[in-house]
Amino acid sequence: MIVLKLLAIVFLTVVTAAAQDSAEILKRMKAMEDRIIALETELRTLKAERAAPVAQAAVSTPQPPPEMPPPPPEPPVQLGGAGAAAAKALNPDVAVIGDFLGAAGKGGPNGPPALEMHESEAAFQAILDPYARADFFISFGQHGVDLEEGFITFTSLPWGLQLRAGKMRAAFGKVNSLHNHVLPWADRPLVIQNLVGGEDGINDAGFSLSRILPSPKGLFLEGTAQIFKGDSEGVFSARNRKDVSTVEHLRAFRDLSESTNLDLGVSYARGHSAIADSSNQLYSIDATLRWKPLRRAVYHSFIARSEFIWDRSRQGQLDASGLIAGSIAPPPPALRFATPISRPFGYYASADYQIAQRWFLGGRFDRSDELLNSALRDTGGSAILTFWPSEFSQIRTQFRRTRYGDKLTANELLFQLQFSIGAHGAHPF
Amino acid sequence: MQRSKLAVIGGLFASLLTSQAFAAKLNVVTTTEDLAAIAREIGGDKVDADSIAKGYQDPHFVEPKPSFLLRLQKANLLVAVGLQLEIGWLPPLVTQSRNPKIQPSAGGYLEVSGFCKIAEIPRGQVSRADGDVHPMGNPHFWLDPENGRRIGKGLADKFSQMQPGDAAYFAQRYAEFDKKLTAAIKGWDAKMAPYKGRKVITYHRSWPNFCEHFGIVVAEYVEPKPGIPPSPSHSLDLINLMNRENIKLILVEPYFDLRTPNSIAQKTNGKVVQLMPSVGGVKEIKDYFQLFDYDISRLADAFATMK
């Protein structure tokens, strides 16, 4: 009996002591954890300051006082994520985007071949210094390598200004400034093909200056002025240094509600014509309506966009055979103003609806006069279905029917596969 | 005479300047509502804090709308979560903001992940075969209230550095926040104590810090991999796992579709619980404390009904 009592007393004492101990240990562990966090933060700051790669320093856990039993092993506390990237920290973000295109059916004059690796775009992007960032997009196409864009953006200018210098897609309209892989279609609208240089568009070396303009509350107004060398295939062609081209763009954006917004733009571009010895002027109005319910943003969205483009230039000179020549050689003075002024016009209207997390359904209507003969009008329509296996790849089929001005009708089925590796690029808006 | 006049004018000017400097509020823009809520706790009436993403929105996918630029243009400080949570939308906004103060290299840009305990830091090779992985660790760390405390401390230090005149004010606000949080954590811990060790399924990997703090075990996810939508075969695996291990609860964020979780719950006699990962997820969650009040009470109730 006595033995039992004694045992019970001993047991109770041990249990209370253990409970006290474990409370004490917990308290100490908490203190230690905080200390480790403080130390690691300090270490991270030091590492960042030194910039040079620092070996993975193990933060030693402060030794407990000798009378304490050693604390149970605990996974090390990690602060601020992995530090292994430190050695490569100064490399730019690199991404490669592949664009594989296939086509079937009766094609038009400039339709894609049956199968092609249409473009592989390499992107290198990084913050340059405290005042600027740099972006390079190099495009490996079917016919060689091209610097699609390469520019520096000064982000720390006074008076709310932003300056870009380098080669860039001009801020003319909406589609011109977008890369292929962010378009909701496998091709570009007819009006862009006919009047704004097709896939390359107005893309030239120059400066771009933009500013957010003062506006009533809730309205975003941005003005952009750009000056370029004056060469953009099919749109502008500079004969000498004076033939620079300019692009002006005014953008207005307003949230109509939390989930709906309207984006409007007007643009003007002027340069020396690529097909005649005179100026070429382009005017555009673009509108984009977006709907994306925030609670269901992962699953549903709707985008409607439209762009109207007017061109005003002299038609090309007629050559001996009576055809319009693509030559830019200055004609004899007597003929200089003989060619008539041409005013081709075109537009597209498109809508895309996200039917499920990975599925998008879209349609587009196209109409555009031809540049070389504005009496000829091309009309087309497309239906597009896109599937995104993940955020980094998409599979698209597009049925395209085009009736060219000269009565040729093309029915094509386009198939596009786009895939991207490397750094997680931002989603364009 | 002339000199004294000058002195008076100078004095007036100086006092005007200083009073303006003191009266100026720090204009803070945060990426998520949780950070704005903590910034308000610490900043009090010396700070205007406003967030870009709404609490009921998936913070991975926010549209970088130009209207956000208007707010960013005037910000003194931009506070981001970090760990690439905002990588899909914040960089273009910052670049276009025309605000030198909030560029990543400037003093007005702060990622709070640097203060916090981070879960799920990938070891070894990271690849997108694992879905939309965050190579620097799981960015949903604000759901551990201890990390909330650390964010509070970090913000107090940052505010004091930017507005040294109010350093004592921020320090005092932090001390109050710290005290209030300690008391609140005690309450939350007590409420969750009976359910320690229970297993749950979550939709996305949003809850590792939350679950670790409260001793809940996340057994699996509804998404087969982060960012990859549920698939029938994975759902079947989940059903088997839940039946085998008697797991009853599926935690879902407000921005995910409930169809798959509901059908899994139906087949396992389980229950779907919509928890809020952020302040503002529902109207009644107005601050950081109410976020945990809401989630803990929902979770505790669900555990209690599912024995």
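Chain A of this predicted model comes to 3 helices and 17 strands, where helices (H or I, at least four residues) and strands (E, at least two) are DSSP runs numbered from the N terminus. Being a predicted model, it is read with cut-offs: local features need pLDDT of at least 70 and side-chain atom pairs count only at pLDDT 80 or more, while totals for chains, interfaces and linings use all residues. Residues are numbered from 1 along each chain as its sequence is written, and chains are lettered from A and ligands numbered from 1 in the order in which they are written.

Of the 429 residues in chain A, 30% are buried, that is, with 20 or more other C-beta atoms within 10 Å of their own; 12 or fewer makes a residue exposed, anything in between partly exposed, and C-beta atoms are placed from the backbone. As for contacts (C-beta atoms, placed from the backbone, within 7 Å), take those in chain A with a separation of 6 or more: 58% of them come from residues 24 or more positions apart.

Where the two chains meet, 39 residues of chain A are in contact with 46 residues of chain B. On the chain B side, helix H3 (66–73) and helix H4 (90–96) each supply at least two residues, with H3(B) giving the most, 5 residues. Sorted by class, that side of chain B has 24 nonpolar, 12 polar and 10 charged residues; here Ala, Val, Leu, Ile, Met, Phe, Trp, Tyr, Cys and Pro count as nonpolar, Asp, Glu, Lys and Arg as charged, and the others, Gly among them, as polar.

Then there are the nonpolar cores, sets of buried Ala, Val, Leu, Ile, Met, Phe, Trp, Tyr and Cys residues joined through C-beta atoms within 7 Å. The largest has 91 residues, and those with the most contacts inside it include B:Val28, B:Ala39, B:Ile42 and B:Leu78. Helix H10 (residues 288–305) of chain B puts in the largest share of this core, 8 residues. Leaving aside residues up to four places away in sequence, B:Val28 touches B:Ala39, B:Gly43 and B:Val47, among others. A second, separate core of 24 residues includes A:Phe172, A:Leu195, A:Ile202 and A:Ile309.

Chain B also has an open sheet of 4 strands, paired in parallel in the order S6-S5-S7-S8; two strands pair if DSSP finds at least two bridges between them. Strand S6 (217–221) and strand S8 (271–274) of chain B sit at the edges, each pairing on one side only. Further in, strand S5 (residues 199–202) and strand S7 (residues 249–252) of chain B pair in the parallel sense over 3 bridges, and B:Val200 has B:Leu249 as its bridge partner in S7(B).
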